[in-house]
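Here is a short briefing on one protein model. Look over the sequence and structure, then read the points below.

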Amino acid sequence: MTLGSIRARMLAWSAGLTLGALVVAWFAVSAVLADFVNRRLNADLTAAARGVMAAAGWDAAGAFAVLPPPADPRFDRPLSGWYWQVSDGTAVLARAPSLVTGNLGADGAGRTGPDGAALVAHVARFTAPGDGRRLTVTVTLPAAEVVAELAAIRRPLALALAALGAALLAAQVLAVRAGLVDLTRFARAVAAVRDGRGETLPPAQAAELRPLSDELTRLIAANAAQVARARAHAGDLAHALKTPLAVLANRADPEDTALIDRMDRIIRWHLKCARAAAAGLDPTAHAAVAPVLEDVALVLTPEARRRGVKLEIAAKGVPDFRGDAEDLAEIVGALTENAVKWARSSVRLAAAPCPDGVQISITDDGPGIPEPDRARLLARGARLDETVPGHGLGLAIATDRVAAYGGRLDIGQSEGGGLAVTLTLPARG
């Protein structure tokens with residue numbers, strides 16, 4: 001499935017947009033979660049600071065104390081990052097056991113602990129009973145704890161978004177496949193018309209395909225009319241030339257007979273090519289291959305017996321040729337006639353299905369054709385042996401007729417050293 005297909009492009013776009021939406025959702029939800037975590041931790045620090053301020057006071061002797069201190073055990077664990085202290089701007093008056101012998105600065109503005117770890121701090125100003133001086137309370141927690149808590153929350157979020165993305169992509173694959181079902185059906189309908197299994201397209205069920213269906217229906221109708229005109233024109237031309245040519249043949253001198261015969265062959269050949277081109281446009285034309293090969297063999301059997309040549313046919317399970325039966329007979333007949341003419345003892349006609357349609361081979365055990373001369377022999381009217389009239393003409397005619405059907409003619413060497421001609425022709429269905 002390449003990006004040149006509609007399905008691939010739709011899936012690529014939907015996957016890209018889904019990924020972009022998930023990334024945006026990741027950042028948006030992460031920001032909400034980060035704000036929630038920061039608010040909660042800040043609430044913890046604020047509550048701890050209020051507890052310290054509520055317990056702070058001066059005694060009668062002028063000594064400052066925080067009694068009772070916050071009961072949170074994190075403030076008791078040495079260098080835990082959870083610290084509190086009270087200062088008056090010049091000296092630290094009280095501090096949490098977790099600070100050990102360190103402090104957060106006389107002004108309480110420190111953002112690193114005694115061990116150098118980064119801290120998140122909450123600072124508040126207050127006065128304690130017994131003395132009116134301004135005091136500063138600082139409560140901290142380790143910045144690493146904020147990062148760890150955010151990571152612990154984001155990990156399941158990432159897994160959830162990944163699972164959601166996979167589910168969305170699977171749903172998109174199914175949706176694209178279901179959405180293109182009508183296009184697949186439409187392509188099959190067009191193929192049916194092409195292969196002669198139908199004459200018109202059925203109405204398109206999808207609204208998006210109706211304009212294309214209408215245009216293709218008009219094109220099929222136009223092609224059918226063109227086929228009819230071409231066939232009528234070929235018939236009219238044949239009828240128009242037949243009578244004048246017969247009159248010329250009756251009036252001509254004996255030495256002109258060969259020239260008139262040549263003109264007759266050329267006219268018939270061009271008319272057959274025109275009819276083949278018209279038949280190639282007809283999507284309904286088709287012919288069974290085996291009966292055509294049998295008819296060709298039947299016609300050439302007398303000449304083959306006269307020369308002592310055995311004719312063999314092998315054609316089972318072959319799809320129908322997508323074209324006119326008479327055209328196929330003339331193509332195979334011209335090639336088989338040459339094979340019978342040059343074979344020593346045998347000629348074999350074989351047909352089999354192939355990826356491009358149907359393949360027909362005509363092989364003989366004659367002298368064959370040297371490889372350098374094979375391409376030249378396909379030229380119209382070329383002959384290897386100028387003393388043998390018509391040699392090579394069958395190949396040239398067959399090549400043009402095969403090309404009119406969009407097929408291919410290849411020349412090679414048979415197993416017995418003779419000539420092997422292979423036709424690749426379109427098949428019905």
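By the rule used here, the count comes to twelve salt bridges, a salt bridge being a side-chain nitrogen of Lys or Arg within 4 Å of a carboxyl oxygen of Asp or Glu. The model is predicted, so local features need pLDDT of at least 70 and side-chain atom pairs count only at pLDDT 80 or more, while totals for chains, interfaces and linings use all residues. Residues are numbered from 1 along each chain as its sequence is written, and side-chain values use heavy atoms, with hydrogens and water left out.

**Salt bridges**

- Side chains of opposite charge can pair when their charged atoms come close.
- R401 and E330 meet in a salt bridge at 2.9 Å, N to O.
- R401 lies in helix α9 and E330 in helix α7, so this pair ties together parts that are 71 residues apart in sequence. Helices (H or I, at least four residues) and strands (E, at least two) are DSSP runs, numbered from the N terminus.
- R401 counts as buried because its relative accessibility is 1%, whereas E330, at 21%, counts as partly exposed. Buried means under 20% relative accessible area, exposed over 50%, and partly exposed in between (1.4 Å probe, protein chains only).
- Salt bridges that share partners join R40, D44 and E149 into one network.
- Within it, the side chains of R40 and D44 meet at 3.7 Å, N to O. These two residues are four apart in helix α1, so about one helical turn separates them.
- K310 and E312 also form a salt bridge, at 3.8 Å, N to O. K310 is exposed at 52% relative accessibility, and E312 is partly exposed at 32%.

**Nonpolar cores**

- The largest nonpolar core has 35 residues, and those with the most contacts inside it include V289, L335, I360 and L423. A nonpolar core is a set of buried Ala, Val, Leu, Ile, Met, Phe, Trp, Tyr and Cys residues joined through side-chain atoms within 4.5 Å.
- Among the elements that give two or more residues to this core are α6 (289-307), α7 (325-342) and β11 (419-425).
- A second, separate core of 27 residues includes V37, F75, W84 and A128.

**Aromatic pairs**

- The count comes to three aromatic pairs. Rings of Phe, Tyr and Trp (its six-membered ring) pair if their centres lie within 6.5 Å; planes under 30 degrees apart count as stacked, over 60 as edge-to-face and the rest as tilted.
- F75 and W82 form an edge-to-face pair, 6.0 Å centre to centre with 80° between the planes. Both residues are buried.
- F321 and Y405 are edge-to-face as well, at 5.0 Å centre to centre and 65° between the planes.
- F321 lies in the loop between β7 (310-315) and α7, and Y405 in the loop between α9 and β10, so the pair ties together parts that are 84 residues apart in sequence.

**Backbone**

- Most residues other than glycine have a negative phi, and most peptide bonds are trans.
- The peptide bond from L67 to P68 is cis, with omega near -10°. P68 lies in the loop between β2 (64-66) and β3 (83-87).
- L79 has a positive phi, near 55°, and lies in the loop between β2 and β3.
- V100 also has a positive phi, near 55°; its place is the loop between β4 (92-95) and β5 (119-126).
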